[in-house]
Amino acid sequence: MAADQALERRFDDATFREVLGHYPTGVVAVTGTHPDGEPVAMVVGTFSSVSMDPPLVAFMPGAHSGTYARLRECPSFVINVLAHDQTDVCRTMAIPADDKFERVGWSPSAQGAPVLDDAVALIHCRREQEVLAGDHYITICAVDDLEVNRPVTPLLFFQGGYGGFNPKGLSALGDGDFIAALRLAETARPHIRRIADRHGCESAVLVAIDDEDMTTADSAFGGSAEAYERLGARIPLMPPIGEVYVAFAPPQVQEHWLAKAAKDEEAIAHYRGRLEAIRRDGFAVVQVGPEREEEYARLHEALDEYASGPLIPSRERAVREVIAQMSLFFGPVDICEDGTYDLGSIVVPVFNPHGGVSMVLRMTQLPQDVDGTVVREWVASLQQAAAEMTDALGHNGSSELLRDYQSWFMM
């Protein structure tokens, strides 16, 4: 057989991911303290021992990772082997937020790198060698010290889910491409901060993590706006929630979303009109107003309960029913300069190079009773940021993230 025939690739990317997904991996948080004094962390599922003499370990970060660009500048690392009950710690460490170390327990190692509380094992090491291998690095580290900190079962990643191993097998929590989705959302950080500071509101980026849920991947606050929605919390993708995602999706995706609405032709027709208006206008708004505050509070209570964790079937049905009743806040709006508006939120899509929606930008905690000129300024700011992010997603530095992010909405 000719050499070029022997090297011929006979599989696609999806097959590669699917086959390799049958192999479970451990989950570690690699932490360090940057020379500027700020702690740095990234979550990886590609950690391995390499050599006993000399003692070496390795992990494989993405070559275009902004977090790794800072981590590699740290003088030392701690490999924190996460425990089966540290899914929340894993999510927090994976989120691109400046305050994530304020939301977990940790202490500095003798070398100054962060040690996460309750990790199974700790490996103190230094970067010794780095090899570029395709779209990842192989980072080889010399081990200075190591210890078992808490002898419990570790956190595992298997076929898109996190879980712990026991004699009866793996119990996966079904997080899907959660980490990849959050990495994709890193491109939004400077934009949402600029919007929040300029308009004195909350600005956030939302990403779909599977066909049922999306999440707030990052947020920023300006003026009197306060942190409200927990980063990483799940938000249901069902009418009327998630409409900007599905408005530009293929017909089968839209039909799947519409099928979650009440089996009422009038309601479904309303949502179809809503999707058409979003495609026409390029944005969506939620109208509140003083007379609707009580109902709007019910919507937020339902969303908070949904985000609190897995619900028993009867309770989840009740929560979804409340959400389904809130279509009164969601409808096409003609923004007139001489009109006045009380808006709960404004949402615009961020497109990827394939024409699909990879994430959405949202403004909330907006001033009330404002005129149409102000609303148009808000919309223009969001759309400008979305256009800049769309352009950034077309650059080579984001291509790996788009490949890793296998959202159902990118079919």
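## Overview

A residue counts as exposed when its relative accessible area is over 50%, and as buried when that area is under 20%. These words are used throughout this report on a predicted model.

The protein has 411 residues, and 49% of them are buried. Its secondary structure comes to 13 helices and 21 strands. Among contacts between residues at least 6 apart in sequence, 66% join residues at least 24 apart.

Helix α6 spans residues 189–199, and its buried residues are His191, Ile192, Ile195, Ala196 and His199. These residues lie on the same side of α6, because they cover an arc of only 130° around the axis.

The face turned away from the buried side of α6 carries the exposed residues Pro190, Asp197 and Arg198. The cover over the buried residues includes the strands β14 (202–208), β15 and β20 (357–364), together with helix α12. After α6 comes Gly200, which has a positive phi, near 60°.

## His199 in α6

Is His199 buried or exposed? His199, a residue of helix α6, has a relative accessibility of 11%, so it counts as buried.

The side chain of His199 makes a polar contact with the side chain of Ser381, at 2.8 Å. Residues up to four places away in sequence aside, His199 touches Met363, Glu377, Trp378 and Ser381.

## Asp218 in strand β15

Asp218 belongs to strand β15, which runs over residues 213–221. Its relative accessibility is 4%, and therefore Asp218 counts as buried. Which side chain makes a polar contact with the side chain of Asp218? The partner is the side chain of Arg189, at 3.3 Å.

Setting aside neighbours within four places in sequence, the residues in contact with Asp218 are Pro96, Arg189, Ile192, Ser203, Ala204, Val205 and Leu231. One of these, Ile192, is also among the buried residues of α6.

In soluble globular proteins, nonpolar side chains tend to be buried together. Here the largest nonpolar core has 71 residues, and Met359 and Leu361 have the most contacts inside it. Helix α12 (residues 372–393) gives the largest share of this core, with eight residues.

Leu361 is in contact with Ala188, Ile192, Ala204, Val205, Ile346, Val347, Val348, Val350, Leu382, Ala385, Ala386 and Met389, neighbours within four places in sequence aside.

## Aromatic pairs

How many aromatic pairs are there? The count comes to seven. One of them is a stacked pair of Phe11 and Phe16, with 6.1 Å centre to centre and 25° between the planes. Phe11 has a relative accessibility of 42%, so it counts as partly exposed. Phe16 also counts as partly exposed, because its relative accessibility is 46%.

Phe59 and Phe77 form an edge-to-face pair, with 5.9 Å centre to centre and 75° between the planes. This pair links distant parts of the chain: Phe59 is in strand β5 (residues 55–59), Phe77 is in strand β6 (residues 77–81), and the two are 18 residues apart. Phe59 counts as buried, because its relative accessibility is 0%. Phe77, at 1% relative accessibility, also counts as buried. Ring pairs join Phe59, Tyr68, Phe77 and Tyr137 into a cluster. Over the face of Tyr137 lies Arg72, at 5.0 Å from the ring centre.

## Helix α8

Which residues of helix α8 (residues 251–258) are buried? They are Val253, Gln254, Trp257 and Leu258. Seen down the axis of α8, these residues fall within an arc of 135°, so they line one face of the helix. Their cover includes two further helices, α7 (243–247) and α9 (265–281).

Conventions. Residues are numbered from 1 along each chain as its sequence is written. This is a predicted model: local features need pLDDT of at least 70, side-chain atom pairs count only at pLDDT 80 or more; totals for chains, interfaces and linings use all residues. Side-chain values use heavy atoms; hydrogens and water are left out. Helices (H or I, at least four residues) and strands (E, at least two) are DSSP runs, numbered from the N terminus. Buried means under 20% relative accessible area, exposed over 50%, partly exposed in between (1.4 Å probe, protein chains only). A polar contact is a pair of N or O atoms within 3.5 Å; within protein, one must be able to donate a hydrogen and the other to accept it, and residues adjacent in sequence count only if both atoms are side-chain atoms. Contact means heavy atoms within 4.5 Å. A nonpolar core is a set of buried Ala, Val, Leu, Ile, Met, Phe, Trp, Tyr and Cys residues joined through side-chain atoms within 4.5 Å. The arc is that of the directions from the helix axis to the C-beta atoms. Rings of Phe, Tyr and Trp (its six-membered ring) pair if their centres lie within 6.5 Å; planes under 30 degrees apart count as stacked, over 60 as edge-to-face and the rest as tilted. A charge sits over a ring if NZ of Lys or CZ of Arg is within 6 Å of the ring centre and within 35 degrees of the ring normal.
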